[in-house]
Amino acid sequence: EAGEISQLAELQRKIAQLEDGVAARDDLIGLIGHELRNPLSPVFLQANHLLAEVKKKFKGGAVPTDWLTPRLDLFLRGLDRLLDRLNRLMDVAALQSRAGIALVEEDVDLSEVVAEVVGSLAREAAAASCPLTLTSPGMVPGHWDRIRLEQIAGNLLSNAIRYGGGARIEVEIQASPTDAVLSVRDHGPGIAPEVQSTIFDRFEQVNPRAQRGGLGLGLWIARRLCQAMGGTISLESQPGQGAAFVVTLPRGVIQPDE
């Protein structure tokens, strides 16, 4: 009888694992539909509107550059958002696979990479009234995947802009002989203690009740990318005192110049 109870418990455990797997798959399918439909619908409408306007206003004539350029720029920004979400979803699939995500590691200056990311998001930060500063000790070379570094820094900075409450954001780089540290600190409302334990969880953004505290796929991807490069990411936050995400990465072996 004890053996039967043990077998039943093991069977129930396996059934629960399978149900969790099916639920995760369903979550991913739902997330894909949601993430792609949201930016795709306005892009489709913009394309149709642009075509209709051209046919209506410029029958058989040349389209003025000053009229067309801002409309194409808006259209391309929509496509860029769509491509960004598609890339994120592809990363989710790769990070969940047995093979994991492929890294292309090379000698990279972390300060240079982060400065480029900060520059690319400066307009977004200004629109959100978030003064943005970057502090670094100069060159911080290491052996990393440059694109993945950009993703980590971009995800953390985008989250700080989105949830920082219009307060200043401080990006800082520090280095030791063996490790490099990137911190992104906002001075917004902070993150509630009950949310902090799940802040890096997959699909956190699916829960509408957690949309202010749970920062979605970006943090889950950032953590997995840090782990893939042998590093860690942590959260420091008190309600009302902002939040800081701290990434620590081993610098690896730098190849000497030929």
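Predicted model: local features only at pLDDT ≥ 70, side-chain atom pairs only at ≥ 80, totals over all residues.
Now the overall layout. The chain holds seven helices and seven strands. In sequence order the pattern runs α-α-β-α-α-β-β-α-β-β-α-α-β-β. There are 258 residues, and 34% of them are buried. Next, contacts between residues at least 6 apart in sequence. Of these, 72% join residues at least 24 apart. The accessible surface comes to about 15,200 Å². Carbon and sulfur atoms account for 56% of that surface.

Next, helix 1. It covers residues 2-57, and Leu 11 is part of it. Leu 11 belongs to a nonpolar surface patch, together with Leu 8 and Ile 15.

Lys 57 pairs with Glu 53, N to O at 3.2 Å. How far apart are the two along the helix? They are four residues apart, so about one helical turn separates them. Their surroundings differ in class. Lys 57 is partly exposed, at 46% relative accessible area. Glu 53 is buried, at 15%.

On to the other salt bridges. How many does a search of the whole structure find? It finds seven. One of them joins Arg 168 and Glu 170, with the closest N and O atoms 2.9 Å apart. Arg 168 is partly exposed at 43% relative accessibility. Glu 170 is partly exposed too, at 27%.

Another joins Glu 236 to Arg 185, and here the closest N and O atoms are 3.4 Å apart. This pair links distant parts of the chain. Glu 236 sits in strand 6, residues 232-237, and Arg 185 sits in strand 5. The two are 51 residues apart. Glu 236 is partly exposed at 41% relative accessibility. Arg 185 is partly exposed as well, with a relative accessible area of 32%. There is also a network. Glu 112, Glu 116, Arg 146 and Glu 150 are joined by salt bridges that share partners.

Now stay in strand 5, for Asp 186. Strand 5 spans residues 179-186, and Asp 186 is in it. Is Asp 186 buried or exposed? Asp 186 is buried, yet it has no salt bridge. The nearest side chain of opposite charge is that of Arg 185, 8.1 Å away. A salt bridge requires the nitrogen and the oxygen to lie within 4 Å. What does the Asp 186 side chain have beside it? One of its polar atoms lies 2.9 Å from the backbone nitrogen of Gly 188. Then the contacts, leaving aside neighbours within four places in sequence. Asp 186 touches Ala 160, Gly 164, Arg 168 and Ile 169, and also Gln 241, Gly 242 and Ala 243. Arg 168 is on that list, and it is the residue bridged to Glu 170.

One backbone item to finish. Ser 129 has a phi near 60 degrees. That is a positive value in a residue other than glycine. Where is Ser 129? It lies in the loop between helix 4, residues 122-127, and strand 2, residues 132-135.

Note on methods:
Residues numbered from 1 in each chain as written. Heavy atoms only, no water. Patch = residues over 30% accessible without salt bridge, like charges linked within 9 Å, V, L, I, M, F, W, Y side chains within 5 Å. Areas by Shrake-Rupley, 256 points an atom, 1.4 Å probe, with all protein chains shown as cover. Buried < 20%, exposed > 50% of the residue type's maximum accessible area, 1.4 Å probe, protein only. Lys, Arg positive; Asp, Glu negative; His and termini not counted. Polar contact = N/O pair within 3.5 Å; in protein donor to acceptor, adjacent residues only side chain to side chain. Contact = heavy atoms within 4.5 Å.
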